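Please have the model open beside you as you read.

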Amino acid sequence: MSPRLHPSAAIGKSAASPAAGFDADFVTRVLDDALAAGSRVYAISGLQGSGKSTLAAQLAAAAQARGLRSAVLSIDDFYLGRRERQRLGRRVHPLLATRGPPGTHEVALACEVLDRLRAGQPVRLPRFDKLADTRLPPSRWGRAEAVDLTVFEGWFLATPAQHAGALAVPVNALERNEDPDGVWRDYCNRALAERYPALWSRLDRVVFLRPPGFEIVVEWRWQQEQALQARNPRRRAMNRAQVERFVQLFERVSRQALARLAGIADWTVDLDARRRVGSVVSRQKVASVQDL
């Protein structure tokens, strides 16, 4: 039985991921974990540039080799369109016009798609065009049928909201200068508390790719931007300063993920600055990579 992969899944190299992908034995053991747990929706959570897309594609390929039908989805596929975010920007706060943080996704659609995939029902899989900054029309979405395993990846999957009191102090210059009253971060945090738990409840199992610290994210995102520019020479790329500002949009929730996900995810995979796998920690025990 041949698999049906999400059309946006690219199996192989990614400049935002390990140069040649993750070790094949590691991928096999992650897939074994998904299947042993009976997961229908297997989540890969990790900050920007940690290798989520690469691992998801490798898992899909490994599932295909076993005769399983798989789909790969990203939370990025469920971004609100540019016009919707611009309306949010006018109505609530200008920073909401920029995609990425909690509150800029169509969570209900993500829940609906995952439910249909879990039930083995035919479903069209949304795709977001990042160059055009909007979701593609449904006529251009891929179609999946009778999927055995869905791999769902995203930079803050399963991350809980912060306590409201934690929002008072800005974590960076962007919050201090562009959100001095805390309106934007309060909106994002309330969205994370009120809307996203319904989506997190649909994740059967979660693997967290943990970087050595938040500071490495800027470098990883800069590498990704350079690679995107090389592949798309006509694309208007961000410069280093713009990348640094962009990453600040994600810093608060990223730091919350670093603080909380190790106690939530089923497995936490520690990565070094070159995205090589180190220790693998479960909520029950510390394991070597070979034990996963």
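## About the model

This is a predicted model, so to speak of local features a pLDDT of at least 70 is needed and side-chain atom pairs count only at pLDDT 80 or more, while totals for chains, interfaces and linings use all residues. Residues are numbered from 1 along each chain as its sequence is written, and side-chain values use heavy atoms, with hydrogens and water left out.

## Helix 1 and helix 2

Helices here are DSSP runs (H or I, at least four residues), numbered from the N terminus. The axes of helix 1 (residues 24–36) and helix 2 (residues 52–65) cross at roughly 75 degrees and come within 9 Å. Axes are lines fitted to C-alpha atoms over the stretch in contact, with angles from 0 to 180 degrees between N-to-C directions. The two helices are therefore roughly perpendicular to each other (65 to 115 degrees counts as such; angles under 35 are roughly parallel, over 145 roughly antiparallel and the rest oblique).

On the helix 1 side, Phe26, Val27, Val30 and Leu31 make the contact, and helix 2 brings Leu55, Gln58, Leu59, Ala62 and Ala63 (contact means heavy atoms within 4.5 Å). By class, these residues are 8 nonpolar, 1 polar and no charged. Ala, Val, Leu, Ile, Met, Phe, Trp, Tyr, Cys and Pro count as nonpolar, Asp, Glu, Lys and Arg as charged, and the others, Gly among them, as polar.

## Helix 8 and helix 9

Helix 8 (residues 216–231) and helix 9 (residues 240–260) have axes that come within 9 Å and cross at roughly 125 degrees. This pair is therefore oblique.

From helix 8, Val217, Val218, Glu219, Arg221, Trp222 and Glu225 meet Arg240, Val243, Glu244, Phe246 and Val247 of helix 9. The contact holds 6 nonpolar, no polar and 5 charged residues.

## The cavity and a pocket

How many cavities of 30 Å³ or more does a search of the whole structure find? There is 1. On a 1 Å grid over the protein atoms alone, a cavity is a set of points where a 1.4 Å probe fits but cannot get out, and a pocket is an open set with protein on both sides within 12 Å along at least five of seven lines; lining residues have an atom within 4 Å of a point. The largest cavity holds about 130 Å³ of space, a volume being the space filled by probe spheres set on the points, which are joined across faces, edges and corners. Its lining has 16 residues, with Arg185, Cys188, Asn189, Arg252 and Val253 nearest the centre.

The second largest pocket is lined by Thr98, Arg236, Ala237, Met238, Gln242, Arg245, Phe246 and Leu249.
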